[in-house]
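Hi,

Here is the structure I promised to pass on.

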Amino acid sequence: MKNNKKHFVLLFLFTFSLALFAQQRQIKGTVKDEKGEAIIGATIIVKGTTTGTTTDIDGNFTLNLPAAAKTLLVSFVGMEKKEVDVKNNNFNVVLTDNSIALNEVVAIGYGTQRKKDLTGSVSSVSEKALRDIPVSSAAEAITGKLPGVQVTTTEGSPDAQIKIRVRGGGSITQSNTPLYIVDGFPMDDISNIAPSEIQTIDVLKDASSTAIYGSRGANGVIIVTTKAGKDGKISISYTGYAGFKQTTKQLKVLTPFQFAQKQYEGAVLNNSVATDYDAYFGSFNDMGLYNYVNGTNWQNEIIGRTGNTRNHNFTISGGSKQVNYNVNLNRLDDKAIMYMSNFNRTNASLKLNLTPWDWFKGDFSARYSVTVVNGPGANDVSGSEKSTSDSRIKNAVIFTPLPLKNLTTQDDNSETISNLADPFTQMVDNDRYQKTNLLTLNTGFTIKPSQSWSFSSTFGYSLNTKEDDRYFGLTTYFVTNNSLKRNNAIAPACTINNTNNETFTNANTISFKKDNFIKNHNISIMVGQENLLRTYHNILSDIEAFPSSFEARDTWKLTTQGTTVSTNNFYGTQEKMISFFSRLNYDYKGIYYLSATFREDGSSKFGAGNRWGEFPSVSGAWRLSDEGFMKNSQKWLSNLKLRASYGTAGNNNIPNGSINRVYTSGTSIYLPSTMPTQVWTDGSTLVNPDLKWETTITRNVGLDYGFFNNRISGTLDFYKNSTKDLLLLVPLGGVGYTSQWQNTGHTSNQGGEFSINIALIQKKDFTLNFGFNISINRNKVIDMGGLASYAGNEGWTSMTSASNSYLVTPGQPVGLIYGYVSDGMYSADDFTWNATSKKWVAKTGIVDNSSLDGFSWGPGAMKLKDIAGAFDAQGNPIPDGKITDADRTIIGNTNPKHFGSFNFSATYKGWDATINCNWVYGNNIYNANKIEMTSIYYKDRNMLSIMNNAYTQIDWTTGSRVTDPATLTAMNANASMWSAPNGSYAITSWAIEDGSFLRISNLTIGYTLPKKLLKILAMQQMRFYASINNLYTFTKYSGYDPEVDTRRSSPLTPGVDYSSYPKSHSYNLGVNITF
Amino acid sequence: MKKYSIIFLFLLITIGTFTSCDSSLNVASQSSLTDDVIYSNVDLTEGAIGAIYDIVGQNNSYRNRLWLQMGVNTDIEYRTGWSSTAPLVPSKSDDYFALYTSTTLVADGYNNTDSANPWSLLFAGIERANLAIAGITKYGNPTAGSTMGHFLGEALTMRAYYYYDLIKWWGDVPARFEPVSSATIYLAKSNRDTIYNHIITDLQTAIPLLYASGNNYTKTIKRTSKDAARGLLARICLSAAGYSMRPSGTDAVIQITATPDRQKELYTIAREACRSIISGGKYSLDASFKNIFYQQCQDIDTHGREAIWELPYNMGTRGRMVTSFGLPRANDGVYITGNQASVGGQFKIIPSFFYDYNPADTRRDVTIVPYSIARNSALVKDSTLNVQTLGSLTSMNLAKWRAEWVKTPISSTEDGVSPIILRYADVLLMFAEADLFLGGSEGSNYFNMVRRRAFGQPINSVSSYDLPLTLDNIKQERAFEFCGENIRKYDLERWGVLKSKIDQAEANMNDLRNSAGNYVSVPQTIYWRLKVNNAITHGERELEIYGLNPGELTDKTVSDPNGGWTKKTWISPTSLVDGFIQNMYLGDPDKRQLLPIMHQIIITSNGTLTNDYGYGN
């Protein structure tokens, strides 16, 4: 048979060449684009043959035309193919840009679909949008580009977690992270993919598109397709950029003199000048000397350095009909603005597509990445943070700007001193090293026995290993409070945490696709099956009592010098999933569409009887613009499609092993060695054998539109998602467990999205495009299975008056902040001075806030609204004259009213310019920094400079306390802040700020060398550009940056700004070269 | 043909990987074990027993909440931390309970919404015990004399201990004697008498199962033993038979709920349990009262001494016995080092109580001293030396635990000295009390043995310090013996005299400052100097004080003008002001003996729990 085929081919070639010799004529022509610009290197092929040529530098071509030739096929990358009838003898061809989206293909899960034919809600970002702008991560690249997708860069560190939410989130206690699919393979996140590797990112938003992923599709699906080689000759390209960055902002703090004043005032109010002021600062009479002290700007020292970034990317790609390949190498080095902090990432990938026969296609891809993050960062949100008292930024802002006598940094007497450590020491003491290796191997093949049928099978394997080494120096909370001692002295400790995750998947699909199945009826059917297996292995070693001289790297490398408190080699419960799915797409004439999917998932996370979840969906579309009766409107209406969908998606986002009681072992550091210290416990979460799938029902209606030959185009969508059988981590009080997973409750998200793209100017040398999108989402918890409320603890302080400030109640969204209402400050008339006790005595009827103000309670103290605490005859809450927990109420909402982005892009001859802006409007931020940094609860801490304008009771010429109300009032006529409270920190409406912002996120100006010049340089393309990221942010927010989310370990507490790593501006120069 | 054969081959391969039956979704974690594995193996079971004790050291448990802040105020001890003048404001969250003004507010330390609150921790300990009890019973074949039997006994005893403390602090609580399941998450409170009955039965089951002290598993008195369980049984019976604060509508009443017959049974169980300990002969009174506490600070946990049972703290790592209750002492770089600036002083002694002691009673000076220890450059220039620094009448310090005795220097709040739960003197006095109630004849001797040891007399022969056995004498004797040991408050509660005794203490203080009543002969003035022999112990210069005992009326500055004496007015109407005396409590002690159930517990109880005694929710 093999021989037969060979003979056949030879015979064919022979006949063909004969024909070639028969007759020929020569033709000449040009290929230009819509603007009349010559297209260099366009391909002209005689249809049905291999005869062809390419255009020269002026877009001209000459071709010997066989006599049999009927049609020419003219093509160029990025342009619509065009067929030219040779009979016309007009060979001046104009190609049009194919950026107009209709024929674009989008990934929809186990397949692709033309955008034109979509019935669900899908947003996409193309390579083009990703290509020209230097960003370090894929997630960053899509910020603001996709309606319905909110991307929050939670902090400014180079490895900052980027939070992506598709249409809000249905879960209350669980993360609402979407499902990431990279080249068909499920991934935990996309941070280790180099943006340069990415071809497209498609986001599936409604159930009609996500249901095919069944489980885990409930929070949306983000599908990343990486670049593959293209037919044609070998292409080598280099893109690179380098630049520097600087922090956008510093928080202003008091000068050394003002700092001394505040400490003096605190000491006077506490009647403790000798012990609290004189002992540290010297005599009051010498305070003026502090005017001549510059003091240390710790923010400059810790987060003030100029960082830099270098990124190099090489791609080799090419191929033939049989083999396509794409090899990509990327290296990113990033020196961050924070002392000791840097980041680098190396990516290598290979993608091979083989088509040995036209009925067989094989794919292979391998990606490997290594990410190294050095330095302690600002907070350790996940993993080994033992206490927020080690938060780094806090120290950098409020550590004493000048050395104080008697203040040693390791002094732990928190009643009297700052409870801070020298910022440099603190950075060193919290050092951390994180290295992540990710290897992904995918292989698959597709067999097409006939035009209609195809069978494809893919296998994927990924290995994710992470080494996380954390050091605890002598100033850390963990070492001073909870770790072993060495020779009875506190000693350094470290944890070494190695994690190893493996994922294996296999998916098999059979598809049938037939256009004109019956005349004008097109149909495609796909059925498939998928298996998934995940394993989890972790070794966590806690090693303490090192010699005190040991620094971070010593402890990590010389572990035998410490005492191993525990080594836990933990093999986690495997996760298995088996799925069956099918999809039917039908359309009539490309006008009426109907699509249905069904998926059944079996998950090992649930017990027998509850394992299988069924997720059906149905959707339809009507391409109104293609209807016969719309013919007359074609001049102005190029596309109008109405879509509607209804469907379900599931969620099993709970830890493995939540259904069976198992015991894990641990070492009790609390028990003496004479006791059994290797203990077995069954954890703090009570098992629930009855757990089952959580289901999200989504409803979507939308329309896609295009006017004036698609010069104006876009989409409009409305949706309502409701989640039932919510997997909620229900808090249990005092039963021996802290929580239990239950299927309880019901939430909803509804909203709308609108996007528009306008080609404002389309001239030969000048184009100007404008894009805009806006998204609105309203989240609501409908019920929580009988729970009246669910508290979220932001946990930056253990003080109860600033804890548990998030409260979820039925009828309200997740993310409401619950605190006291600020009521300005007390006046001198509210008190009388008791000269004997040297205390202010409140007049009757004055709201008692002594517990939060502490010894500062008196004229000028922080005042809060008394709204409840007692009850009237009808049982309604009424003020009780003092500030208690009952006076807390809802004071903020962290959910934005809307968010979106807009951009302009322009080209003028070889120049191009883009400006991207994004905004978030109407959300609140909980500025916890501000609370801590204006309090004198811990003495000898510096404060924010706003405190310089605080109410004072001190006559600064004599240093004595003013007790005459009239004098006080006159002195403080302009005071804008209360005097620093000394009682507990309190969450008040004052600390809740408007988080709205409009950010010019990127400005890029590029220049592409003219093609004539490139020809000389033997290049296909060369572009230089300059770019500024995070150019400017318009906001009223007083903290570092309004895009912030620092207490992320619980999804209940969004929008807290506590010791956040500041963001930076970055300035980059880059080049793209293709050979 | 080839095309189809290749297709067929691939189909075969991939279909081969299909695994679709439901049972293949069963998964197991390899690093964790199930009940049947754990409780059928002695070594693994011991780890599950360890987990029950582990609760003691956890944050907000006995480490720093339960043991430390519950036992005051009484007629002999008070908690410091608030100002000494009226009107009092509890300045720290921990003060509310001590002042009998507990609230359900978050600001109240016991009501913090942290999931690791004391109530939840005790129930976590109970759950661990429940799991062990169910598991050992099912898989472990526990028999008397076997190690599995001992483990079952340990779990039963620790569960009874945690329940007894829950009842002490919260009264009626949910009865959970089986591992929690979805069906039993939300339980209402049970009457504490039901729980008492259950744990009394449990202890009676546990005692024959438990090993006696000295076995491989009971070498340390930090684990429960047969006699520890007996002592606990006796103590629980005395409480169950006595008064307690009960709900009455939205109010509280102090009452005895046991019937006279049941009281008799309970006293009998208590007496016989004590009798078994005494006749077992494994423990004895330490001839030196001081030595009990010295050994405790030294972390000596061997059996066969006076201490029978201790909480299992890890020396130097967990627990705040000395840093909370120790004799106040400043960092000296030797006994208190590193970050720890000072220790001690959270309990102080009601001043009149010092004068209630017979001066010959050796317990007085071990228990109470009028000074603290710190550098004092005015007295001693040598900056390496500490000085016993005289305080005032209202800062009489508890001195049973001293930083200088602690085995390892204290360098953080966690000194890890283990509190003694039960000592032999308590067994003798409990015997005497039960015997008195039952009309027996043996109690008097045991009662006086404790007194004889206190006065340095041979304990087995009648001495001049002997007193007749009466309930009043027992009440007084237990004060002298156990002052500062977190026992007094619960004694007063079960005798139903908490408020009246504190009122009596306030009256005593009034008498003391006015030289009236029992305090007529107390000297008003004291004379002090550093000891002339420059005695230095533990790096401190010792103080010599004259004028603390009745009859010490000589003016030393006159009789010994060159002796270096300093005269100080010690007792006067201004050294004990009304604001101090009248503020031993702010709420009514008889209405606020028990803590309210925390708000956080109530709101997560699905409506099954509410607060009584007018606390609100």
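Predicted model: local features only at pLDDT ≥ 70, side-chain atom pairs only at ≥ 80, totals over all residues.

**What I found**

In chain A, A:Y180 stands opposite A:M187 in β14(A).

Residues are numbered from 1 along each chain as its sequence is written, chains are lettered from A and ligands numbered from 1 in the order in which they are written, and side-chain values use heavy atoms, with hydrogens and water left out.

Back to β13(A). With β14(A) it makes a hairpin with 2 residues between the strands, and A:D183 in the turn has a positive phi of about 50°. β13(A) also pairs with β16 (residues 221–226) of chain A, this time in the parallel sense, over 4 bridges; there A:I181 has A:I223 as its bridge partner. In a regular strand the side chains alternate between the two faces of the sheet. Here A:L179 and A:I181 point one way and A:Y180 and A:V182 the other, and all are buried (under 20% relative accessible area; exposed is over 50%, partly exposed in between, with a 1.4 Å probe and protein chains only).

**Where the chains meet**

The contact (heavy atoms within 4.5 Å) takes 83 residues from chain B and 81 from chain A. Together the chains bury about 6,800 Å², 60% of it on carbon and sulfur atoms (buried area is the accessible area, 1.4 Å probe, that two parts lose on being put together, summed over both).

How many salt bridges link chain B and chain A? The count is 1 (a side-chain nitrogen of Lys or Arg within 4 Å of a carboxyl oxygen of Asp or Glu). The side chains of B:E127 and A:R661 meet in a salt bridge at 4.0 Å, N to O. B:E127 is buried, with a relative accessible area of 2%, and A:R661 is buried too, at 18%.

**Inside chain B**

Over all chains the salt bridge count comes to 72. Two of the ones I looked at involve α18 of chain B. B:R488 and B:D75 meet at 3.0 Å, N to O. B:R488 lies in α18 (residues 488–495) and B:D75 in the loop between α4 (66–69) and β2 (77–79), so the pair ties together parts that are 413 residues apart in sequence. Both are buried.

B:R494 forms a salt bridge with B:D491, the closest N and O atoms being 3.1 Å apart. The two are 3 residues apart in α18(B), which puts about one helical turn between them. B:R494 is buried at 7% relative accessibility, and B:D491 at 4%.

Lastly, B:N583 sits in the loop between α21 (578–581) and α22 (599–603) of chain B and is buried at 10% relative accessibility. A polar atom of its side chain lies 2.4 Å from the backbone oxygen of B:G579.

Cheers

Notes. Pairing = 2+ DSSP bridges. Polar contact = N/O pair within 3.5 Å; in protein donor to acceptor, adjacent residues only side chain to side chain.
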